[in-house]
Amino acid sequence: MKIVKVNNKEELSEKATELFVHALNRLEKPVIGLATGSTPEGMYDKLTEKYQAGDITFKNAITFNLDEYASLAADNPNSYRYYMDEKLFNHVDIQKENTHLPNGLAGDLQQECTTYDERIIEAGSLDFLVLGIGLNGHIGFNEPGTAFDSRTHVVELTESTREVNSRFFDSLDEVPTEALTMGLGTIMEAKEIMLLVQGVKKAEILKKVVHGEVAEEVPASILQRHPNTTIITDIEL
Ligand code: GLP
């Protein structure tokens with residue numbers, strides 16, 4: 001794993017944008033995996049600015065988001081579809097039909113996950129994947145204990161993740177109990193991964209991810225085995 005140390009959130013967003021743009025420009029039809037959460041927000045703003053300045057285009061890009069809550073409609077401000085539309089898709093020239101998120105309202109959620117995984121494979125797997133990390137080491141919504149060879153699947157969210165994410169909802173009760181997420185096996189097939197980790201509260205988990213054992217209890221530790229992962233962080237390791 002390559003570590004890029006930055007000094008603050010602004011620098012993290014700048015560096016992340018640089019790597020993203022490099023991936024976007026390098027390929028004719030880039031297949032890009034995307035994350036939500038507060039960490040990549042600055043990067044999405046900068047990508048929007050770059051598009052508006054005429055420096056980049058998304059017209060040939062295909063995107064697959066990592067995860068989505070079960071039971072939230074696309075027009076629910078807490079759904080990840082809504083987040084992506086608001087933060088990026090509505091402001092750039094990406095073709096809406098080329099943007100993919102698991103459908104949290106599908107009648108058969110497991111079938112939806114299987115189809116989602118197949119679509120990623122059909123697209124040639126991810127060329128570049130943006131990841132954030134949860135306080136318990138989750139990537140996407142792969143909670144501690146998830147099998148390293150898992151494919152896109154339905155998860156029951158841990159109480160700690162629901163509590164952390166409840167800051168975006170009116171109350172804890174409104175946070176869905178389930179989500180759909182790319183599996184760790186799916187994530188590991190990405191050709192290049194960029195993990196963004198910002199803020200001292202993530203220092204403890206990041207140290208485990210980088211220096212600890214590769215163990216299912218720390219899902220992101222699997223990235224030690226990935227041949228092309230860059231961690232951009234303002235944490236001293
Ligand atoms: C959520 C998402 C993850 C994200 C994580 C960290 O649970 N499912 O994909 O990486 O939160 O979010 P934040 O960047 O807000 O700390």
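**Around the ligand and into the core**

Of the 14 residues around the ligand, those that come nearest are Gly37, Ser38, Thr39, Gly132 and Gly134. A residue is near a molecule if its C-beta atom, placed from the backbone, lies within 6 Å of it. The shell holds nine polar residues, four nonpolar and one charged. Here Ala, Val, Leu, Ile, Met, Phe, Trp, Tyr, Cys and Pro count as nonpolar, Asp, Glu, Lys and Arg as charged, and the others, Gly among them, as polar.

This is a predicted model: local features need pLDDT of at least 70, side-chain atom pairs count only at pLDDT 80 or more, and totals for chains, interfaces and linings use all residues. Residues are numbered from 1 along each chain as its sequence is written.

Now the whole fold. The protein has ten strands and seven helices (DSSP runs numbered from the N terminus: E, at least two residues, for strands; H or I, at least four, for helices). Its C-alpha atoms fill a box of roughly 45 × 45 × 35 Å, taken along the principal axes.

Burial comes next. Of the 237 residues, 43% count as buried, with 20 or more other C-beta atoms within 10 Å of their own, all placed from the backbone. The largest nonpolar core has 59 residues. Such a core is a set of buried Ala, Val, Leu, Ile, Met, Phe, Trp, Tyr and Cys residues joined through C-beta atoms within 7 Å. Among those with the most contacts inside it are Leu131 and Leu196. Strand E9 (residues 193-197) gives the most to this core, five residues.

Leu196 touches Thr39 and Gly132, among others, not counting residues up to four places away in sequence. Contact means C-beta atoms, placed from the backbone, within 7 Å.

Terms used: A residue is buried if 20 or more other C-beta atoms lie within 10 Å of its own, exposed if 12 or fewer, and partly exposed in between; C-beta atoms are placed from the backbone. Two residues are in contact if their C-beta atoms, placed from the backbone, lie within 7 Å.
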